[in-house]
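Me: I have a structure open and would like to go through it step by step. Could you help me read it?

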Amino acid sequence: MGEVTISTADRRGPFEEWIETWRHRELMAHMLRRELRTQYNRSLLGWAWSLINPLTTLLIYSVVFGVILSGNDVVPRGAAGIQSFPLFLFSALVAWNVYSTVSTEVMQSFAGSLQLRNRIYFPAGCQVLVSAVSALIVLTVEVAVLAVAFLVATPVHFALLGLVPVVVLAALLGLGVGLMLSVPNVRYRDVGYLYGVFLRFFFFLTPIIYPMSILEGKKVAGLSLDVAIRLNPLTHYVDAIRRVTYVHEWPPAKLWAIMLTMSLAAVVVGWSAFTKYAPDATEGR
C-alpha cells in the first residue's frame, strides 16, 4: 500500500475531527486490545508491574520521608483517627500517576503512530485516545489497591465513591496536556525530555509528600508558599482524592467545579490545537 499524504484540503475542525475519529471506533477498539495484550509482552511478571512500580515508589518515600524524616508526625489525622504517612502518600501518588502517565503516553503516542499512518489512513486522534484509555486501564490496578487499602484500614464510607470521578478528571487533564505537547514533541524531541524534567520538578511543587499545613507562614522571595502551591492545578486533584479516601469527606462543590473546569478546558484546548497542527506534523514527517 502506498503512502498516504494528508493535504490542507483534508483538514477538519475540532468537532468534525472528533466525528471522524468516532467513526473509527471499531479500529480504536482493536488497537486498544492489541496495546493491552502487548503492554507487558515478554515479561515474566506481566501486569504485576503495574502494581510493583508504584508500590516501590511508595516504599521508598515512606521509608525516607515517613520514617527517617518522621513524616508520620506531620501528617494530619484522617478517618477513624488514622495517622498513616503511607496511606496519606499513596492517595496523592495515585492522582499524580494518573495525570503524569496519561499525559506522557498521549504525548509520545502521536510520534509513534506517524510511520503507521503513512502506510494506512486513520484519524490522527485515534492513537492518542487509545493510549489515554490504555494508560487509564493499566492504572486501575493501582486505583483498586488504593480503594482496598482504605476499605481495610478505615470504616466503609460513601465518600470513597468519589475516587472514580477524581481519577477520571485527573486523566482528562493529562489527556489535554498530552494533546498540547504531542505535535511539538514530533517537531522537537527535546519537548519530551524537557517535559520529563518538568514532571520531576512539578512533583515537589505538588503536596504529595507533605501536607499543606506545614507551608503556612513560610515565604520565598516574599511569596507565601501555601499560596504558590495552591496555584498548581494538581493541588486540587490531590486535595480531592485525599478528602474521599484519607478523610472520608465529600469534596465541596467549588472543588468539583474547579477540577471539572480545568479538565474540560485542557481537553478542549488540547484537542483544538492537536487537530489544527497534527496534519502539518504528518506532512513534515
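**A surface residue and its surroundings**

Me: Is Ile68 buried or exposed?

Reply: Ile68 is exposed, because its relative accessible area is 61%. The terms work as follows: buried means under 20% relative accessible area, exposed means over 50%, and partly exposed lies in between, with a 1.4 Å probe and protein chains only. Please note that this is a predicted model, in which local features need pLDDT of at least 70 and side-chain atom pairs count only at pLDDT 80 or more, while totals for chains, interfaces and linings use all residues. Residues are numbered from 1 along each chain as its sequence is written, and side-chain values use heavy atoms, with hydrogens and water left out.

Me: Which helix does Ile68 lie in?

Reply: Ile68 lies in helix H3, which covers residues 49–68. Helices (H or I, at least four residues) and strands (E, at least two) are DSSP runs, numbered from the N terminus.

Me: Which residues make the nonpolar surface patch with Ile68?

Reply: Leu59, Ile60, Val63, Val64 and Val67 make the patch together with Ile68, and its area is about 550 Å². Patches are made of residues with over 30% relative accessible area and no salt bridge; like charges are joined within 9 Å, and nonpolar side chains (Val, Leu, Ile, Met, Phe, Trp, Tyr) within 5 Å. Accessible areas come from the Shrake-Rupley method with a 1.4 Å probe, and for residues only the protein chains shown count as cover.

Me: Now the whole chain. How many helices and strands are there?

Reply: The chain has ten helices and two strands. From the N terminus on, the order is α-α-α-α-α-α-α-β-β-α-α-α.

Me: How much of the chain counts as buried?

Reply: Of the 285 residues, 47% count as buried. The chain exposes about 14600 Å², and carbon and sulfur atoms supply 65% of that area.

Me: Next topic: how many salt bridges are there?

Reply: A search of the whole structure finds three. A salt bridge is a side-chain nitrogen of Lys or Arg within 4 Å of a carboxyl oxygen of Asp or Glu.

Me: Which residues are linked in a network?

Reply: Asp239, Arg243 and Glu249 are linked by salt bridges. The closest N and O atoms are 3.1 Å apart for Arg243 and Asp239, and 2.1 Å apart for Glu249 and Arg243. Arg243 and Asp239 both lie in helix H9, four residues apart, about one turn of the helix. Glu249 is partly exposed, because its relative accessibility is 34%.

Me: And where do Glu20 and Arg23 lie?

Reply: Both lie in helix H1 (residues 14–23), three residues apart. Glu20 is buried at 14% relative accessible area, whereas Arg23 is exposed at 59%.

Me: One last residue. Where is His248 found?

Reply: His248 is found in the loop between helix H9 (233–247) and helix H10 (253–283). His248 has a positive phi of about 60°, although it is not a glycine. With 13% relative accessibility, His248 counts as buried.
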